[in-house]
Amino acid sequence: MFKNSIRTRLMALVLLASVIPSGISVTFSYLYTRQSVTDQSVKQNTKLLTLGEANLRSYFSGMNQQAMSLYSGINVPSSFYTTLLTAKSAAQAPPGTILPDTRAIISTQLYNLFLSDRNTYQIHLYVRAARQSNLLLKGFFRREDNASYAAEGQAGGTYRPYLEVTHMDHQYGVKSGFPNLKPGSVPVFTAHFPIYRTPSDSVLADLSVDYTLGELEGIVESMYNSDTERLYVLNEQGEALFASDPDWIGKPVAAGWSRLPAEQDSGHFAWKKDGFQGIVMYKQIKAPLFSGSIIKLVPYEDLYTDARVITRFNMGIGLLFLLIGGISAVLISIGFTRPIKKLIHFTQKVQTGQLDAHMDAEREDEFGLLTRKITGMTRTINELIVKEYRLELANKTNQLKALQAQVNPHFLYNALQSIASLSLRYNAPKVYDLIYSLGSMMRYSMNTERTQVPLRDEIEHVQNYMILQTERFGEENLQLAVEAGPETLELILPKMILQPIVENIFKHAFADGISGGLIQIECRLDGAARLVLAVKDNGRGMSPERLEEITACLRGSSQPDQEEIGLYNVLARLRLQFGSAAEMQLKNNEDGQGLTVTLIIPLEEIDG
């Protein structure tokens with residue numbers, strides 16, 4: 001019983017009204033916030049990577065421009081380029097030949113190149129003809145014969161300027177030491193430039209410039225948050241020019257997320273392998289010295305931090321509303337069910353027969369109204385029980401009257417039949433016809449068992465009525481003309497729809513007396529499958545104002561008065577059986593004499 005009580009259901013309803021919206025709100029808020037954060041992060045990081053790619057491309061282009069400056073003295077004697085063009089090794093020179101000392105020219109050019117970029121760590125120039133290494137490190141210049149040096153190659157056998165990814169520094173095979181500068185202690189990346197014998201592709205020398213990571217790290221660090229995100233700058237072979245992981249130098253990057261779609265310049269995708277779960281964003285780089293990609297890893301843990309904070313905040317609010325909803329559910333359910341329990345106790349008293357019991361209505365809301373209604377109903381029941389004996393007596397009286405009403409029509413019919421027979425005995429057929437017509441009319445109108453009759457019977461009833469009226473006013477003053485097709489006579493209609501209209505003619509059309517009166521009844525079928533009954537007279541007609549009043553009453557826009565009640569009842573009975581398609585139309589005749597009342601009844605309703 002407890003689980004089926006209104007109080008329990010009301011408490012459950014109020015709790016659900018608090019829990020379900022809160023749960024849905026938290027869920028949709030979290031999903032929307034997470035998607036919104038993801039979209040915003042992708043949009044923001046795409047801009048960061050695009051800006052970082054442009055900065056890196058500009059940085060690498062600057063390196064290439066510095067190397068191109070070595071060709072500036074291509075036609076100038078004793079220039080750096082001319083020195084490389086005329087360089088020879090001592091083994092190739094004829095005996096006794098004194099080779100020019102190019103040390104000052106080469107060291108000066110390398111030193112100028114060293115000063116052009118503050119991130120330059122060392123510069124190595126290998127002159128192929130002289131098989132000679134020239135190394136400038138931290139302002140110290142060394143020159144040695146280095147026949148075993150082999151220039152760095154490129155994939156595919158081509159030799160174009162390129163960037164070697166980050167590695168620990170080395171001295172390119174130069175054995176002369178540098179004070180306090182031991183190789184293998186500084187991470188650098190190297191730009192390799194072949195110096196060509198223009199306009200051919202023959203290489204005169206190999207220039208390698210080592211750069212420290214300061215400028216590169218400054219550009220890269222602007223693209224990611226080092227506390228939570230990871231970023232990689234990889235060449236086309238997947239080797240790292242830069243990586244945010246500790247101890248990354250010299251280690252290959254083989255994770256699956258490093259294999260990017262080659263046909264897309266930038267994009268992002270979700271990744272949940274290789275110890276990483278989050279969004280991978282990338283941007284391709286196409287620079288003079290470097291072709292590769294920037295890859296940024298944004299973990300879900302960092303990406304959805306704000307979404308989780310908002311979700312926890314919403315959950316806290318939801319729990320608060322749940323607590324408030326629980327308390328409200330208890331209070332509301334008690335407030336609703338207390339008056340119901342009082343009503344139950346009151347009805348139990350009434351059930352035991354205490355009909356004089358009373359309960360005060362303390363409230364002004366619906367429960368107070370219900371209390372007053374129930375107490376009023378109980379009082380009414382008590383009064384009805386007191387009146388029961390009076391009603392029983394009145395009922396017996398009505399039964400007696402009903403029996404008398406059943407006897408009187410039969411007595412009247414028999415009396416009329418006796419009078420009619422007596423008129424024939426005294427040779428008065430006219431009296432017999434009148435009595436027969438009156439008896440037929442009474443029998444037709446008082447027969448309550450037949451509510452629907454053929455049109456033939458309805459016309460016969462009107463003819464009996466007109467026989468009596470013709471005897472009253474004289475055949476020379478009143479005539480009836482009926483025109484009905486045989487296909488209409490057997491149609492079933494409600495009883496007493498024509499006679500009230502004809503009777504109405506005597507009340508209004510011939511109210512001032514009848515002389516040459518003519519009533520015409522026309523029954524026909526129109527082309528729209530409808531039965532049309534037209535009752536026409538040649539009386540005084542009706543004024544346009546009065547005609548408009550009656551038409552408005554028939555349309556239902558006004559209430560009928562005593563003179564219009566007959567027509568209104570006929571139309572109401574037709575519409576009760578045939579629906580709104582049944583119509584009644586009133587109009588004055590075109591010759592200015594009399595009125596025509598037309599009934600229009602749909603045949604499909606008659607057939608149905």
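1. R118 counts as exposed at 70% relative accessibility, on a scale where buried means under 20% relative accessible area, exposed over 50%, and partly exposed in between (1.4 Å probe, protein chains only). R118 forms a salt bridge with E215, the closest N and O atoms being 3.2 Å apart; the term is used here for a side-chain nitrogen of Lys or Arg within 4 Å of a carboxyl oxygen of Asp or Glu. E215 lies in helix 4 (residues 214-221) and R118 in the loop between helix 3 and strand 1 (120-127), so the pair ties together parts that are 97 residues apart in sequence. E215 itself counts as partly exposed, at 25% relative accessibility.

2. On the basis of these values: this is a predicted model, in which local features need pLDDT of at least 70 and side-chain atom pairs count only at pLDDT 80 or more, whereas totals for chains, interfaces and linings use all residues. Residues are numbered from 1 along each chain as its sequence is written, and side-chain values use heavy atoms, with hydrogens and water left out.

3. A search of the whole structure finds 13 salt bridges. One of them pairs R530 with D526, the closest N and O atoms being 2.9 Å apart; R530 is partly exposed, with a relative accessible area of 26%, while D526 is buried, at 19%. Salt bridges that share partners join D526, R530 and E583 into one network. E522 also forms a salt bridge, with R524, and here the closest N and O atoms are 3.4 Å apart; E522 is partly exposed at 32% relative accessibility, as is R524 at 36%.

4. Helix 3 (residues 103-115) has 13 residues and reaches 18 Å from its first C-alpha to its last, close to the 18 Å expected at 1.5 Å a residue, where the expected span is 1.5 Å times one less than the number of residues. Helices (H or I, at least four residues) and strands (E, at least two) are DSSP runs, numbered from the N terminus. Within helix 3, the residues I106, S107, L110, L113 and F114 are buried. They cover an arc of only 125 degrees around the axis, which puts them on the same side of helix 3, the arc being that of the directions from the helix axis to the C-beta atoms.

5. The largest nonpolar core has 73 residues, and those with the most contacts inside it are L125, I195 and L207; such a core is a set of buried Ala, Val, Leu, Ile, Met, Phe, Trp, Tyr and Cys residues joined through side-chain atoms within 4.5 Å. Its largest share, eight residues, comes from helix 1 (residues 6-68). Apart from it lies another core, of 41 residues, among them M441, L493, L554 and L599. Leaving aside neighbours within four places in sequence, L207 is in contact (heavy atoms within 4.5 Å) with residues including L110, L113, L125 and I195.

6. L241 lies in strand 8 (residues 240-243) and is buried, with a relative accessible area of 0%; beyond its neighbours within four places in sequence, its contacts include F60, L163, V165, L216 and W248. The C-alpha atoms of L241 and T190, 51 residues apart along the chain, are separated by 9.9 Å. Q284 is found in strand 10 (residues 278-286) and is buried at 14% relative accessible area; not counting residues up to four places away in sequence, Q284 touches E53, L260, P261, Q264, D265, G292 and S293.
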